Amino acid sequence: MRRDQLGSAVVRFAGDSGDGMQFAGSQFTQSTALSGNDLATFPDFPAEIRAPAGTTFGVSAFQINFGDDTIQTPGDACDMVVVMNPAALKVELPELLPGGLVVVDTGTFTERNLHKAHYESSPLEDGTLDAYRVIKLDISAMTLEAVKSMDLGKKESLRCKNMWALGFVYWMYARDRQPTLDWLNEKFVKKPELAEANITALNAGHAFGETAEMPHDIHGFSIGKADIEPGQYRTVTGAEALSWGLVCGANLIGLQMTFCSYPITPATPILHILSNLMEYDVLTFQAEDEIAAICSAIGASYAGSLGVTSSSGPGIALKTEAMGLAISAELPLLIINSQRAGPSTGLPTKTEQSDLYQAVYGRNADSPLVVISARSPADCFDVAIEAIQLSTKYMTPVILMTDGYIGNAAEPWRIPDMDTYEKKPVQFSTDPEGFKPFLRDEKTLARPWAIPGTPGLEHRIGGLEKDYDTGHISYDPANHQRMTDMRAAKINGIANDIPPQGVEEGGTQGKLAVVGWGSTYGAINRAVSTVRGDGLDVAHIHLRHIWPMAANLGELLAGFDQVLVPELNTGQLVTLIRDKFLIDAVSLSKVSGQPFKISEIEAAIRERLESQT
Amino acid sequence: MNIVTPVNELTPKDFATDQEVRWCPGCGDYAILKAMQRTLADIGAKRENTVFVSGIGCAARFPYYMATYGFHTIHGRAPAFGTGIKLANPDLDVWVVTGDGDALSIGGNHLLHVLRRNVNLQVLLFNNEIYGLTKGQYSPASRAGTRSPSTPWGSIENPVSAAALALGAGGRFVARSVDTMQKHLGEMFKRAHDHNGTSFVEIFQNCIVFNNDIFADFTAKDIADEAQIILEHGQPLIFGKERTRGLRVRPGFFELEAVTIGEDGVEEKDILVHDETNRALAGMLALMEPPTMPVALGVLYCYPTPSYEDGVKDHFDEAKAHNPGGDINKLLRRGHTWTVTG
Ligand code: SF4
């Protein structure tokens, strides 16, 4: 049989919330990883928990980009979409490249479903799909046929549709079915009849591909193996990598973690994951509100645990006052912000990077803290470990910025060997000799961490200003000036402790630097390598450390004629950079709730360079 | 008689700090501080194991005057900080000090939840029915009609009953005392300390500057005996100078009434016996008010159940038994993995 060789492909599975598209997508991901491709995925959930069946707002989709070279993003546009009903077709068609493939379950294109998707006539007949290659399959009927001997009832039988479709897509891309067969057997270990039905459907979809007569212009595909560093791999979502990073980070400093949170989209998966890890000395606490969540985390830190709280923008806003206390009392604390589109409730399930001002500036008074950001799902792991180390070393709250996109997206991850990480257990103060609660370490300017339970170190702290020497309450004007300066100096000094800012792609000087932070990493990196391939003098610089910034950043940026800052907000990092370095950095802004497309960044780069010539 | 060897030699003075106390002269807080320093010495508390946590307000200065660990936090949130401290180290003895504005207004939510969860700490609510630190505005505990800088026409709000609220929130230990009743106050502190779970003690505290004598209707020397009843578990609910007044269930009604023994055919056997494990009785006692009823002081309710930390510990033990060792390399390799060879 003929298979067309591809470098990479973007496939999107879309159907009703109840159609099991996320399962199909994640199984396809596993199998694709096993066949040696690099990949990136993005699940796209509806905002409603149980939207009415067949509606456009109930469409749930899963996108995967995979190929024989480095894959950085889930892909700008799709080469193929699998749609399980008219609503999915309606929603997903704009994502498909002209000439792209649509696999349609025609069995769901009933009058009623067409009406629910607001189609006046059937798009399968009326020319809507003329620009695409269409594979019309009555997946519903073929699934029912395949499992009819199992005596399941129609509803249960139709639930196997996703596996039929997956089997067919496995055939198209020559994927191995075995991992999914194993997974089904494990998932339905207590209901073997369901395992059998799903397996039968999967095999039937695959067999259909092998035997059916396809239209003449449609073939299966094959994609070569990517050049991947040897090692043990798994796929991780940002929420998983972040949770595990917290566990490992706490383990490396020898502390129990007390994770205090209140449910909020899209931060909640972290709470769920950590709640299952008690055996790793993780204590999770679902507080009564966002304020109680941060306050209990601070209480835990005060008592010698690693206090962590996690939320999204609106919840972070509520925590603000307590952050001020942690800054004033100089206690370690980790605050995770899984950003979402706002203001207010905004678009809770859509992504944005619009809480940067909030993180850096969003508190009353002069209240500096550390802000650090993750660029990708796997990066969350390392960032969490670093955030914990900074927080405990400098006795300061650290805000860790991630977003809804990173949290839900998945990528392959080379699993680190934790035995190779350096263990640095926290040293609490124990010596009463000369102990003063706010006497600073000369180098880090951090105060000692003296925890209740330690004889001879009894002391009182709080949000009132403290005397520089004794740590007692002080209303002295000169002392307040000194303490304010010290708090700022402590945070600014961290700039000399973090690694110097590097360049991801390109040289340390040139015509244009594209400076990003957070989840725009993949799109920027791809765009920059493409234009560099065309000979353009462009570099990609990506910030992990938002506050303080790396000590060399100003000098680095000064080596470029122009600086372009793409952000999923109306221009926040760009303002920070302009303010701090007095350079004419230019913003590329997007706030549609969707990540940047590579092509959008590419176009902006070309436009900048052309405007200059 | 058992001779108990003192577990440590600390005196009340050893629990005082060198910080200048900044309450107004004559403030009821002084007496509460004194009772606490004495209680801690009496119970043989260890300074290093004791933590006072407070929010904002006059009462919230309390930790600065105790030579233990202390954390003066933000307005209304002390129960949440206290919860975090107990999560991190359940062995610490945590006292949350709060006021009526701090606990019942801005921090009402946290008071509700700490009681409901039954975290093993003591909440001491210094109730003076006014905002002191911000100079005299009415509080959620102020009686309707209270004139204050923010209610020149008199407050039109109904006050909350702290003890009834604590019971409603599921508190398992609810007690009351008065700043001037040194001995009784100390006893309440001891009882609260001994209780496993959240103990809630409301202390009627006189704010001499902004709400002087607001509790005089049941604390003034000449009327106190008639206007208050000291509860004792297993003892009849009797009060009055001559010990002739008592509480009984009004015949035919589900409510309490104050009666005089020997009048209208009331005999001593008609008087209710206090049962601090009876929640319904506690609820009725909490709501008694002068002039028709005496104010109930003492332990209104005490019915211990496992604390929140007990539950957390059980889960920890179970999880660790299930997966001993907690090897983090294993955690990272849970589920599906694959190996790429060079
Ligand atoms: S204002 Fe009232 S409560 Fe506050 S210290 Fe003065 S007397 Fe005491």
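**View 1. The buried residues of helix α10 of chain B.** In this predicted model, Glu309(B), Val312(B), Phe316(B) and Ala319(B) are the buried residues of α10(B) (buried: under 20% relative accessible area; exposed: over 50%; partly exposed in between; 1.4 Å probe, protein chains only). They sit on the same side of α10(B), because their arc around the axis is only 90 degrees (taken from the directions from the helix axis to the C-beta atoms). An α-helix has 3.6 residues a turn, so residues three or four places apart point the same way. Over on the other side, Glu318(B), Ala321(B) and His322(B) are exposed. The cover on the buried residues includes β11 (282-286) of chain A and α2 (78-88) of chain B.

**View 2. An open four-stranded sheet in chain A.** The strand order is β19-β18-β21-β22, paired in parallel (pairing takes at least two DSSP bridges; helices are DSSP runs of H or I with at least four residues, strands runs of E with at least two, numbered from the N terminus). At the edges, β19 (538-543) and β22 (586-589) each pair on one side only.

**View 3. Zooming in on β18 and β19 of chain A.** β18 (residues 510-517) runs parallel to β19(A) over six bridges. Trp517(A) has Leu543(A) of β19(A) as its bridge partner. Helix α17 (residues 521-533) of chain A packs on the sheet and touches β18, β19 and β21 (560-567) (contact: heavy atoms within 4.5 Å).

Residues are numbered from 1 along each chain as its sequence is written, and chains are lettered from A and ligands numbered from 1 in the order written. Local features need pLDDT of at least 70, side-chain atom pairs count only at pLDDT 80 or more, totals for chains, interfaces and linings use all residues, and side-chain values use heavy atoms, leaving out hydrogens and water.

Technical notes. Axes fitted to C-alpha atoms, helices over the stretch in contact; angles between N-to-C directions.
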